[in-house]
Amino acid sequence: MYEKEDVEALERQFNAAMEEADTGSSLEAIQRLYGEFDSSDAEAIGAILHPEFQVQVRAIFLEGKSYKGVRGFLNWQREMEKLFEQERFLPVGIRFAGKDRWVVLGRLHITGEEGGVELDVPLAHVVEQRDKKVAQLTIFSDISEALES
């Protein structure tokens with residue numbers, strides 16, 4: 001787990017990134033997308049994911065793992081559910097990162113197993129779109145790394 005200094009550094013990165021983030025209509029569209037991500041219905045998820053979709057994790061939770069397709073997305077959700085009693089990523093800002101690519105700044109709210117420790121962790125997701133569908137989701141603990149990617 002992170003040391004206090006690590007968490008403080010991540011918070012500073014997050015706050016600096018939020019200074020230039022869109023918190024208006026673009027964020028509202030991303031929040032709707034993340035609401036759809038919360039579905040465990042393969043058909044609903046398949047409607048928003050590109051056929052070559054993949055999730056890559058560069059965060060403390062499930063570090064280095066990669067998941068492909070709708071089945072991979074659902075497997076990633078299940079693995080997160082195994083790690084935490086409750087978890088939810090809440091987008092709070094978005095930054096344009098090129099054609100069809102955004103950095104979504106958010107907070108991961110988690111509760112450990114059996115009512116354990118509650119955490120509110122800053123994270124960044126890089127979302128890439130292709131053919132009007134989500135083609136890639138890369139999850140970063142390090143906000144600076146997400147912005148540089």
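Val104 stands opposite His125 in strand 5, and that pairing is a handy way into this predicted model. Strand 4 and strand 5 (residues 118-130) run antiparallel, with eleven bridges between them. On strand 4's other pairing, ten bridges join it to strand 3 (residues 86-96), again in the antiparallel sense.

- Strand 4 covers residues 101-111, and nine of its eleven residues are buried, so the rest of the structure largely encloses it.
- Strands 3 and 4 make a hairpin, with four residues between them.
- Gly98 sits in that turn and has a positive phi of about 120°.
- If you want to trace the pairing residue by residue, start with Glu87, whose bridge partner in strand 4 is Ile110.

**Arg88 and its surroundings**

- Arg88 is a strand 3 residue, and it counts as partly exposed because its relative accessibility is 43%.
- Its side chain makes a polar contact with the side chain of Asp38, at 2.5 Å.
- Setting aside neighbours within four places in sequence, Arg88 touches Asp38, Arg107, Leu108 and His109.
- Leu74 is 14 residues from Arg88 in sequence, and the two C-alpha atoms are 15 Å apart in space.
- Arg107, one of the contacts of Arg88, also lies over the face of Phe14, 5.0 Å from the ring centre.

**Aromatic pairs**

- The model has six aromatic pairs.
- One of them is Tyr34 with Phe37, an edge-to-face pair at 5.1 Å centre to centre, with 75° between the planes.
- Tyr34 and Phe37 both belong to helix 2 (residues 25-37), where they sit three residues apart, or about one turn of the helix.
- Both Tyr34 and Phe37 are buried.
- Phe61 and Phe84 also pair edge-to-face, at 4.9 Å centre to centre and 90° between the planes.
- Phe61 is in the loop between strand 1 (49-58) and strand 2 (66-68), while Phe84 is in the loop between helix 4 (69-83) and strand 3, so this pair ties together parts 23 residues apart in sequence.
- Phe61 counts as buried because its relative accessibility is 9%, under the 20% cut-off.
- Phe84 also has 9% relative accessibility, so it counts as buried too.

**Aromatic cluster**

- Tyr34 and Phe37 turn up again in one aromatic cluster, together with Phe53, Phe73, Trp76 and Phe89.

Note on methods. Residues numbered from 1 in each chain as written. Predicted model: local features only at pLDDT ≥ 70, side-chain atom pairs only at ≥ 80, totals over all residues. Heavy atoms only, no water. Buried < 20%, exposed > 50% of the residue type's maximum accessible area, 1.4 Å probe, protein only. Helix = DSSP H or I, 4+ residues; strand = E, 2+ residues; numbered from the N terminus. Pairing = 2+ DSSP bridges. Contact = heavy atoms within 4.5 Å. Polar contact = N/O pair within 3.5 Å; in protein donor to acceptor, adjacent residues only side chain to side chain. Phe/Tyr/Trp six-rings, centres within 6.5 Å; stacked < 30°, edge-to-face > 60°. Lys NZ or Arg CZ within 6 Å of the ring centre and 35° of its normal.
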